[in-house]
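Here is a short briefing on a protein model with a ligand. It covers helix packing, the sheet, the ligand shell and some backbone details.

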Amino acid sequence: MGETRGAAWRRRLYHIARHPLLWSRYLYVRELRKRDVLFEVNPRFRDWGPMYHVARPALERLTGASRAQLDGYFGELAPIHAELLRSVAGLPSAGAMMQAPLLYVLVRAGRPGIVVETGVSSGYSARLILEALEKNGTGRLWSIGIEKLAMGAIDDARSERLKGRSIGWLVPDRLRARWELRVGPSEELLARVLEEEARPLGLFIHDSLHLYDRMYAEYTLARPKLLPGGWLLSHDIHNNLAWPEFLARAPLAGDEELDHDLGAVRIPPG
Ligand SMILES: C[S@@+](CC[C@H](N)C(=O)[O-])C[C@H]1O[C@@H](n2cnc3c(N)ncnc32)[C@H](O)[C@@H]1O
């Protein structure tokens, strides 16, 4: 079940108590001025700890891993976070899925062999998934996205900083051997990728166009391809009713919400 109203307030208060100044600035820029933000302005980028703390019980239920195991996987992220703080903090986050570090923990704990995600901007989620696959020593990621960074309202000087960068630029060469980037709309590519290439599917993540029909269509294509015990994830589950309606009709029970807006459900094991 998605977050209850009480849980949502506890989560917000927990985050704000950890970083009151960062959250004040972020909410001012993002919610009041409706501007895109730099990575460093997003409290979920500056400190991955609160997000992990909030999501850990759900990750335990989704993966069956113990708290100590999950803490170990989360601990592995320290050098990756330090490198990203050095290299991208001053750049526009361009729609990056801020919960991507949670994908790292999920992939380390669940060890899916084949992962498919839709929606690629700078490739923050792809980077974290690929780091986990690399650490697992096995697995491949298919990312499907159109050649367009997710930029909204941001001043010209700042958007200049991403000029000339293609989608997925955050994925370094050392991780590309495990990566299949397919450029084009998921309407055209997803069915074929799932049918012919990315099999057997262990984990599917929607993060492309967050409109009801696209979301529902992607879940519908991915669900029958997922292995028993695999995971179906979706970002922006509060944009419309596609996620809850799909889960009800599938039916799929036991869904979780990972630190707001990232829905996750496990396919029943065989
Ligand atoms: C929220 S962003 C994805 C962010 C990505 N997960 C990351 O961390 O970099 C959504 C992306 O989906 C892309 N997109 C929009 N419509 C699409 C479609 N029909 N098929 C595939 N990608 C699409 C947009 O260009 C945008 O870059």
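In α4, Met51, Tyr52, Ala55, Leu59, Leu62 and Thr63 meet Pro101, Leu102, Val105, Leu106, Ala109 and Gly110 of α7. Residues are in contact here if their C-beta atoms, placed from the backbone, lie within 7 Å. This contact divides into 10 nonpolar, 2 polar and no charged residues. Nonpolar covers Ala, Val, Leu, Ile, Met, Phe, Trp, Tyr, Cys and Pro; charged covers Asp, Glu, Lys and Arg; the others, Gly among them, are polar.

The model is predicted: local features need pLDDT of at least 70, side-chain atom pairs count only at pLDDT 80 or more, and totals for chains, interfaces and linings use all residues. Residue numbers start from 1 along each chain as its sequence is written.

**Helix packing**

- Two packed helices are described by the angle between their axes and the distance between the axes.
- Helices (H or I, at least four residues) and strands (E, at least two) are DSSP runs, numbered from the N terminus.
- The axes of α4 and α7 (residues 100-110) come within 11 Å and cross at roughly 30 degrees. Axes are lines fitted to C-alpha atoms, for helices over the stretch in contact, and angles run from 0 to 180 degrees between N-to-C directions.
- α4 and α7 are therefore roughly parallel to each other. The classes are roughly parallel (under 35 degrees), roughly antiparallel (over 145), roughly perpendicular (65 to 115) and oblique (the rest).
- α4 (residues 49-63) and α5 (residues 67-75) have axes that come within 10 Å and cross at roughly 130 degrees. That makes α4 oblique to α5.
- Tyr52, Arg56, Leu59 and Glu60 of α4 meet Arg67, Leu70 and Phe74 of α5. By class, this contact has 4 nonpolar, no polar and 3 charged residues.
- α10 and α11 (residues 212-222) pack at about 10 degrees, with axes 10 Å apart. That makes α10 roughly parallel to α11.
- From α10, Ser186, Leu190, Ala191 and Leu194 meet Glu218, Leu221 and Ala222 of α11. The residues of this contact divide into 5 nonpolar, 1 polar and 1 charged.

**Sheet**

- Seen in order, the open sheet of 7 strands runs β3-β2-β1-β4-β5-β7-β6, with mixed pairing. Strands pair if DSSP finds at least two bridges between them.
- β3 (179-183) and β6 (256-258) are the edge strands, each pairing on one side only.
- Neighbouring strands are turned by 20 degrees against each other on average, direction ignored.
- β1 (residues 114-118) and β4 (residues 201-206) pair in the parallel sense over 4 bridges. Thr118 stands opposite His206 in β4.
- α10 lies across β1, β2, β3 and β4, at about 160 degrees to β2.

**Ligand shell**

- The ligand is surrounded by 25 residues, the closest being Gly95, Gly119, Ser121, Tyr124 and Leu209. A shell residue has its C-beta atom, placed from the backbone, within 6 Å of the molecule.
- By class, the shell has 11 nonpolar, 10 polar and 4 charged residues.
- α8 (124-136), β2 (140-145) and α10 (186-197) each supply at least two shell residues.

**Backbone details**

- Most residues other than glycine have a negative phi, and most peptide bonds are trans.
- The Arg199 to Pro200 bond is cis, with omega near -5 degrees. Pro200 is in the loop between α10 and β4.
- Ala250 and Pro251 are joined by a cis peptide bond, with omega about -15 degrees. Pro251 is in the loop between α12 (242-249) and β6.
- Lys34 is not a glycine, yet has a positive phi of about 55 degrees. Lys34 is in the loop between α2 (20-32) and α3 (43-46).

How values were computed
Contact = placed C-beta atoms within 7 Å.
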